[in-house]
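Keep the picture open as you read.

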Amino acid sequence: MEAADALGPQAGALVVDEAQDLHRDWLDALLSLLGDPGADPVWLFMDNNQDVYGVRLDPPPGFFSYDLTVNCRNTQAIAREVHKKYRGAVVPEMLGPPGREVELIQADDQAAAVASVLERLCDREGIPPQDVVVLSSHGFDHSRVASAGAGRFQLVKEPQPVGPYVRLSSIRGFKGLESPVVVLCELEDIPDETLDSQLYVGISRAKGHCVIVAPAAGS
C-alpha cells in the first residue's frame with residue numbers, strides 16, 4: 001500500500017490470473033493503482049481447485065461471477081483424470097481430442113524411472129525434450145530426482161531452447177503454465193491437506209500426455 005501511495009494511479013484496468021492465491025490486502029493494493037477504482041474494469045480469474053497455498057480469495061462486494069465451462073487445454077483422457085480431483089457445481093465440457101491414457105509407473109527408484117520415461121518419450125517417440133516438463137512435490141534444489149539426474153538428459157530449472165535439457169519444477173512453481181507432456185514424480189511427499197489440489201494442478205498442466213511415477217506398491 002505504501003508503494004501504491006507513492007506511485008499513484010498506474011492503470012486503467014486490472015486483470016489478475018491465479019487470483020485464488022491472492023490475499024485480500026494484495027488485491028486492495030492493486031486496486032489502489034487504478035485511476036478510478038470505482039469504475040475501471042477488474043477481472044479476477046480463479047480456480048479454487050488449485051488452492052495449493054491455503055489461501056482463498058472471496059471477491060469483494062460488487063463483483064459478478066461467470067463460470068468458464070469448457071476445458072480447452074487437455075485431451076479428454078487427461079481431463080477425465082483431472083475431473084476425479086475436481087470439486088465444483090459446474091461440470092466442465094471436454095473440448096480436446098481423445099488423447100492417450102494417463103500412464104502410472106510404479107518404481108522403487110523414481111529417478112531411474114523418470115530417466116527411462118524421458119528416454120522412451122524423447123528418443124524412441126521423438127518428442128522434443130523442450131516439450132516435456134518433470135513436476136515434483138519439491139523444488140529443484142530439494143528434489144532427489146533432480147540431484148540424481150536423468151541419464152543423458154540434463155534436468156534444468158529454466159527451459160532451454162535446444163539440446164537434451166528437460167525442465168524440472170515443483171508443481172506449485174509450474175501452476176498457471178502448461179506443457180505438451182508432463183511427468184509427475186515424488187508425489188508421496190505432498191502433505192495430505194494439499195494432495196488433491198496438487199494432483200489436480202500437476203495433471204492438468206499436461207496438454208497431450210501425462211506420466212505419473214509413483215513408489216512401488218508396498219514401499
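What follows is a short tour of a predicted model.

Begin with helix α2, which covers residues 24-31. Here L27, A29 and L31 are buried. What covers these buried residues? The list includes α1 (2-7), β1 (14-16) and β2 (42-44).

Now find helix α3, at residues 76-83. Its buried residues are A77, I78, A79 and V82. They pack against two strands, β3 (70-71) and β4 (93-94), and also against α6 (195-204) and β10 (206-214).

## The nonpolar cores

In soluble globular proteins, nonpolar side chains tend to be buried together. In this model, the largest nonpolar core has 24 residues. The members that touch the most others are V114, L118, V132, V134, L155, V183 and V213. The elements giving two or more residues to this core are α4 (110-124), β6 (132-136), α5 (144-148), β8 (165-170), β9 (179-185) and β10. Which of them gives the largest share? That is α4, with 8 residues.

Setting aside neighbours within four places in sequence, L155 is in contact with L118, V134, F140, V145, A146, G149, A150, V166 and L168. There is also a second, separate core of 20 residues, and among its members are V82, I190, A206 and C210.

## An asparagine in a loop

Next, look for N49 in the loop between β2 and β3. Is N49 buried or exposed? Its relative accessibility is 11%, so N49 counts as buried, the cut-off being under 20%.

The side chain of N49 reaches the backbone nitrogen of R87 at 2.6 Å. Not counting residues up to four places away in sequence, N49 touches K85, Y86, R87, S197 and Y200.

## Aromatic rings

A pair of aromatic rings is described by the distance of the centres and the angle of the planes. The model has 2 aromatic pairs. One of them joins W43 and F45, with 6.3 Å from centre to centre and 15° between the planes. This pair counts as stacked because its planes are under 30 degrees apart.

How open are these two residues to their surroundings? W43 is partly exposed, with a relative accessible area of 48%, and F45 is partly exposed too, at 35%. Together with Y66, W43 and F45 form one aromatic cluster.

Note on methods. Residues are numbered from 1 along each chain as its sequence is written. This is a predicted model: local features need pLDDT of at least 70, side-chain atom pairs count only at pLDDT 80 or more; totals for chains, interfaces and linings use all residues. Side-chain values use heavy atoms; hydrogens and water are left out. Buried means under 20% relative accessible area, exposed over 50%, partly exposed in between (1.4 Å probe, protein chains only). Helices (H or I, at least four residues) and strands (E, at least two) are DSSP runs, numbered from the N terminus. Contact means heavy atoms within 4.5 Å. A polar contact is a pair of N or O atoms within 3.5 Å; within protein, one must be able to donate a hydrogen and the other to accept it, and residues adjacent in sequence count only if both atoms are side-chain atoms. A nonpolar core is a set of buried Ala, Val, Leu, Ile, Met, Phe, Trp, Tyr and Cys residues joined through side-chain atoms within 4.5 Å. Rings of Phe, Tyr and Trp (its six-membered ring) pair if their centres lie within 6.5 Å; planes under 30 degrees apart count as stacked, over 60 as edge-to-face and the rest as tilted.
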